[in-house]
Amino acid sequence: RVTISLSEAVNGPDSSDISVANGVLSNLSSSDGGRTWTATLTPTAGIDDATNLIVIDTAGVQDMAGNLGASIAISNNYSLDATRPTATIVTDPIVGIGQSGMVTITFNEAVIGLDLSDFVVSNGVLSDLTTSDGGKTWTATLTPSANVQSASNRITLDTALVKDLAGNIGSTSSSSDNYVIDTVRPTSSIVVADSNLQAGETTTVTITFSEAVSGLNASDFTVANGSLSGLTSSDGGKTWTATLTPSVDVESTANLITLDNSGVQDAAGNTGVGNTSSNNYAIDSLRPTATIVVADSNLQAGETTTVTITFSEALNGLDASDFTVANGSLSGLSSSDGGVTWTATMTPSVKVESTSNLITLNNAGVQVAAKKKKKG
């Protein structure tokens, strides 16, 4: 509201007599016969100016006797703030388990009335909303929701809920940059490809995580009766492979590979918890041994004798070609107890006289019964 007081009643100024800085006057009228006039000042939109004046040229008005004014009247200074508050919101890009993000809300000018209820927060809550510069810059703490894995999240503020020091309210919504929430811990599974290992064999072990991890190394594993080597990932850390080599001279049907998940972390810094165990695998790296007994150690022409071969464990794949028989031959090789004890008939060669003869077995030609012998 603008009030113009004259020394005496006048027939009235009009808009051409008045200069208004950064605004316009309207509804110019007098209620006391022309001595006091009032008008409404409407500022120009989008103006923020601390120095403004209204100037009246009194030469454009006359009193009731027809006398014109001869001076210029200037108002007191007035400040204009016709700029609505706007905001930018910046937060940390990734927030994980046990972490909190710093959120900074910066306005184009100081505001009042901002509180936590003015914000919409994806997969989290804000707390500790404060300003240290009179209301232009505000900070808050973002705490992520539990058990959430989301790559697209924003904080949104309706600026119509705040106003600047001149009373102007905002008219837009402001959104933060995107941030990632990952409050899910990585989990794993372990598969041993070959669950029945013999001496000299190795197998592939595959470790699959629920998401890509870093920090995995051989020291994170406990390997029953064996060792891991060549631990690598070809897909950025989600799937890992290694080679399991069984220990020598071991015979065990119950073995596991166990992973301590706390040794790995995902991209958000979340560590795994607890242990993961593989499927069971059996190891038999004890090589079979044998004894050979010839029942009759003094053979005459036309005689035969029984030969008994006793192994340390059941075997398969044994045949006559695995034996070297001095001055004789074996036939009828068989086992009646699943491969531990074998018998055969030895027939001496004809027209031979020799006091030193042995039957020799090449043990490389046999294999324990857990796996079939592979003939070359």
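Modeller: Val191 stands opposite Thr206 in strand E23. Strands here are DSSP runs of E with at least two residues, while helices are runs of H or I with at least four; both are numbered from the N terminus. This is a predicted model, where local features need pLDDT of at least 70 and side-chain atom pairs count only at pLDDT 80 or more, while totals for chains, interfaces and linings use all residues. Residues are numbered from 1 along each chain as its sequence is written, and side-chain values use heavy atoms, leaving out hydrogens and water.

Strand E21 (residues 188-192) runs antiparallel to E23, and five bridges join them. Two strands pair if DSSP finds at least two bridges between them. Strands of a sheet pair through backbone hydrogen bonds, either parallel or antiparallel. E23 also pairs with strand E26 (residues 239-246), in the antiparallel sense, over six bridges. There, Thr203 stands opposite Leu244.

Now the side chains of E23. They alternate along residues 203-209. Thr203, Val205, Ile207 and Phe209 point to one face and are buried. Buried means under 20% relative accessible area, exposed means over 50%, and partly exposed lies in between (1.4 Å probe, protein chains only).

Next, another sheet. Four strands form an open sheet in the order E9-E11-E15-E14, with antiparallel pairing. Strand E9 (87-91) and strand E14 (124-131) stand at the edges. Each has a single partner strand, so one side of each is left without a neighbour in the sheet. Neighbouring strands of this sheet are turned by 25° against each other on average, direction ignored. Axes are lines fitted to C-alpha atoms (for helices, over the stretch in contact), and angles run from 0 to 180 degrees between N-to-C directions. Inside the order, strand E11 (residues 101-107) pairs with strand E15 (residues 137-144) over six antiparallel bridges. Val103 has Ala140 in E15 as its bridge partner.

Finally, the loops. Thr58 sits in the loop between strand E6 (54-57) and strand E7 (72-74). Thr58 counts as buried because its relative accessibility is 11%. Thr58 touches Leu68, Gly69, Ala70, Ser71 and Ile72, not counting residues up to four places away in sequence. Contact means heavy atoms within 4.5 Å. Leu6 lies in the loop between strand E1 (2-5) and strand E2 (18-20). Leu6 is buried too, with a relative accessible area of 19%.
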